[in-house]
Amino acid sequence: MKSDFFNKYLSLEKTFHVEEKGFTKEKLNNYETLFTLGNGLIGSRGIYEENTPGSQPGTFVAGIYDRSGAQVEELVNLPNPINIMIAVEGEKFDIGTMNYLCHRRILDMKNGVLLRSTVYEDAKKRKYLYQSARFFSMADPHIGALKVKLSQLKGSASLTMVNGIDDSVFNSGGMMLSRRRHFDTIKVDKEGTADYTLFSTHSYKNLVSYADLIHVKKGSSGLSLIDRIYWFELKKGQNITFTKYFTIGAGREYSRRSIKSSAMRKLSMAVDKGYEKLFSEHKEAMSKRWKRCDVEIEGDSESQRAVRFNIYHILICTSREYSSINSIGAKTMSGQGYRGHVFWDTELYILPFLIHTQPEIAKEILMFRCSALDEARANARKNGFRGAMYPWETTVSGTEQTPRYAKDVDGSIVEVTTMDYEHHITADVAYGIYDYYQNTDDEEFMIDHAVEVIFETARFWSERASYDSSDNKYHVKGVTGPDEFHTNVDDNAFTNYMAMWNLRYGREIYEEFKDYPKIKNMMKKIDLKVSEVLRWGEMAENFAVLRSKKLGIIKQFRNYLRKKDVSISGYDRYFMPQAPKIYETSRRLEKSRFIKQADVLLLFNLFPSDFSDKEKKRNYSYYVNRTLHKSSLSYSMHSLISSQIAERFNAFNFFWGAANIDLKNIPKNLEDGIHAANLGGVWQAVIFGFAGVRCREGILSINPVLPGNFKRIRFSLFFRKSLFEIEIRENKSVSIKVKNSAFSDSGSREIKVYGRKIKLKPGECKEIRKDGGFGYMETAKDMIKPGNDVYVKENEPVKEVGKIILERKVSSIPVVDEKMKIEGVISERDIIKAVSYRSDYEKLKAKDIMSSNYVSVDFNESIEEVTKVFTGHGIRRLPVIEKDKVIGVIDRRDIIADYLGGYY
């Protein structure tokens, strides 16, 4: 896109761009999801302006739900303002039906703008350049703007433009219900050249207003159109530009009397500013958010783009003003999957990102839960318990909204029981509060809102758990954990541990806040006595967490090891374990030890200090090949725990899968919307995994384990009212600066880097390097260790090379010919690129993807020279050559890792 039209709006860094080249009908709905625009109030799917056949328009406003005709409340698909049709003598400019010569679209994530360039050829062989740019303002979330420029490249033509608000949209159907519309048009009006429409939802009578105006400019003249239809002529070399301004407002923000005047006032202001000024303000607002949230990665542009993609989709679905209204649904506001419902995903997966980048928004998201406490209490009473029991799926109503029926993994219809058994969400909500408080010291929030939630969730678990005199332990029976392959089980490890923690934390919070008058009054209000709080602590000390002495692991649930232990059938193209095809139904999976996603392992990420490294490794080794990752929540957590225990290839491999879940449509359901939990999970995999950041007990600690292809990462992090700027480089040096802090200049922050305590004052920057040494060895040959001498023949299938890298845990493999002469090297990065970008992956041989630009050392090279080779080239493994033949491989992780730094 070299046109000046796009140079105005396109940022320079290509790793902020997601591009569509050409048009494929089968990917239409996928790109609509990927190219979603938003600003925290509005989410708008990246449809084409002409609403091409097969399109799934989606315009969502935070907090606008309805139920009419549906099983449960669902986020309403509102009228579509992105609706401009241009036709030439009856032939519509439509990417799906008209002949085009070239076409591309770019989502510029940095500027929050969707750009398009299409060269059309009509039936009479006349040619046109169609260009568009649109955004939803981050500076004023009620405003959106769309600019379309049409240029005549060949011939002359008479054309027609039709503008409108498309109210023919609907909420999609499913296995139980047909598609349905949740709103009626109750008022249509016109003020001068502007159109106004008011809609009302059926069940809850939510009002939503639209106002729009279109401005046309041909040559140097411009005018605002009065009618929705405009006829015009173009000759070769001429162009015409249509600029559409529109506003969307929700009735909860305005009275019915003022909603129209507010909409028209906003529209008038937008028109007065003009497109360029509006875009400039929007761009500046986006820039401010990126400055706080960006993660810069040097050395791997594809990972950089993927990480920014996941951050972008969190940024556009959150805001300080609206997050307490709607929280974050499982598909953000990018599609109709899960009906816009809020799950546990928000607290455990997305909230950490917001806590450390935008704590003010994290607080609002927790307010969503705090404001629904009465509904959670009612839900507990309904199920026979005291305290608060949060619903599995919910909306602004705070009530249970899980549908009773859904599709199984094999496509069959099954009864949904998550609302009946998946009770860990109650402790997950409490953990979100704990995580926020640990990292912000926000006592006011705790006293005014959150302590009551902690008390009531602990009270729920005190009744939900039952005492067993046979082992003198408390147990939670009849539950489902994150592993939803096994429902209604006893003593699910994740649920038990979270319940135990919730009880303990309830006691700790009481001790911390018991002397505050507001807390004393609150305890009287909910009839909470000290004796009940003390009992929570006693229960927590005697809670069951079942372990297998024989295997040295935490049991997934009580009878887990009685299930059939089936070996995986192999790995998929992303090196994820696959079950035999016979295990494609819930019934068979339930009888096996296969699990859906991280369950036991998730505990290690939430409570890293509670488990030893040996225990983490034993459980990881056992569960990693029994987890099928049938949830988008799984990859990122496996990457994080892989980093914790130095399983570096898996750490990057799982990260790659997580970072590209949506970009590559790995689960094959992208049309339903973005996988929201995964967005935050990717950030955690990078910051808590690769960067090794932990924020607990008042101390920020950093212990990086960077992937070998990352030369540097840089990010900002809020922790306890201080903003840290952190840069980690491949040579294991860490630069950290306290940019601003609530402490005075005389105060300081204590942090840990590589286990060493240092103190930083506001404005101070320090660089810390992991120092170490290595043992005495004379030559390269002396450094070869058994097990490192892994190599492959040049005709070895690439998929087999990937298995070797995965199973032998090596970072790169020399490729040799029949005489053992080295031909090249294959890294895990080469494998992943082949898997991701080569359609002929199954046919590839090692020689097809190897890099001939390799580094090796002679067998009698001195250790000093070998060290220089490692540090000079930034590599991880060196082939050792004797008379042109490979005799072994040096892996720096085993010999000189502490000295050299880097991935291995």
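1. Let's start with a term: a cavity is a set of points, on a 1 Å grid over the protein atoms alone, where a 1.4 Å probe fits but cannot get out, and its lining residues have an atom within 4 Å of a point. Grid points are joined across faces, edges and corners, and a volume is the space filled by probe spheres set on the points.

2. Before you go on, please note that this is a predicted model, in which local features need pLDDT of at least 70, side-chain atom pairs count only at pLDDT 80 or more, and totals for chains, interfaces and linings use all residues. Residues are numbered from 1 along each chain as its sequence is written, and side-chain values use heavy atoms, with hydrogens and water left out.

3. How many cavities of 30 Å³ or more are there? The count is eight. The second largest cavity holds about 60 Å³ of space. Its lining has 13 residues, and those nearest the centre are Cys317, Asn326, Ser327, Ile328 and Met333. By class, this lining has five nonpolar, eight polar and no charged residues. Here Ala, Val, Leu, Ile, Met, Phe, Trp, Tyr, Cys and Pro count as nonpolar, Asp, Glu, Lys and Arg as charged, and the others, Gly among them, as polar.

4. Now for the largest cavity, with about 160 Å³ of space. It is lined by 17 residues, and Tyr431, Asp435, Phe688, Arg694 and Arg696 are the closest to its centre. Two or more lining residues come from each of α6 (345-357), α10 (424-440), α16 (600-606), α20 (676-690) and β29 (693-696). These labels follow DSSP runs numbered from the N terminus: helices are H or I with at least four residues, strands are E with at least two. The lining of the largest cavity divides into nine nonpolar, four polar and four charged residues.

5. The axes of α18 (residues 634-644) and α20 come within 8 Å and cross at roughly 5 degrees; axes are lines fitted to C-alpha atoms, for helices over the stretch in contact, and angles run from 0 to 180 degrees between N-to-C directions. The crossing angle therefore makes α18 roughly parallel to α20, a label for angles under 35 degrees. On the α18 side, the contact (heavy atoms within 4.5 Å) includes Ser636, Met637 and Leu640, and on the α20 side Val682, Ala685 and Phe688 are among the residues involved. The contact of α18 with α20 has six nonpolar, seven polar and no charged residues.

6. Strand β29 leads us to an open sheet of four strands, in the order β29-β30-β34-β35, with mixed pairing. Two strands pair if DSSP finds at least two bridges between them. β29 and β35 (756-760) are the edges and have a single partner strand each, so one side of each is left without a neighbour in the sheet. From one strand to the next, the twist averages 25 degrees. Four bridges pair β29 with β30 (residues 699-702) in the antiparallel sense, and valine 693 stands opposite isoleucine 702 in β30.

7. Another open sheet has three strands, in the order β40-β41-β42, again with mixed pairing. Which strands stand at its edges? They are β40 (857-858) and β42 (885-891), each pairing on one side only. β40 and β41 (residues 877-882) run parallel and are joined by two bridges, with valine 857 partnered by valine 880 in β41.

8. Finally, look at the hairpin of β14 and β15, where two residues lie between the strands and glycine 192 takes a positive phi near 60 degrees. Eight bridges join β14 (residues 183-191) to β15 (residues 194-201), and the two run antiparallel. Aspartate 184 has serine 200 in β15 as its bridge partner.

How values were computed:
On a 1 Å grid over the protein atoms alone, a cavity is a set of points where a 1.4 Å probe fits but cannot get out, and a pocket is an open set with protein on both sides within 12 Å along at least five of seven lines; lining residues have an atom within 4 Å of a point. Angles under 35 degrees count as roughly parallel, over 145 as roughly antiparallel, 65 to 115 as roughly perpendicular and the rest as oblique.
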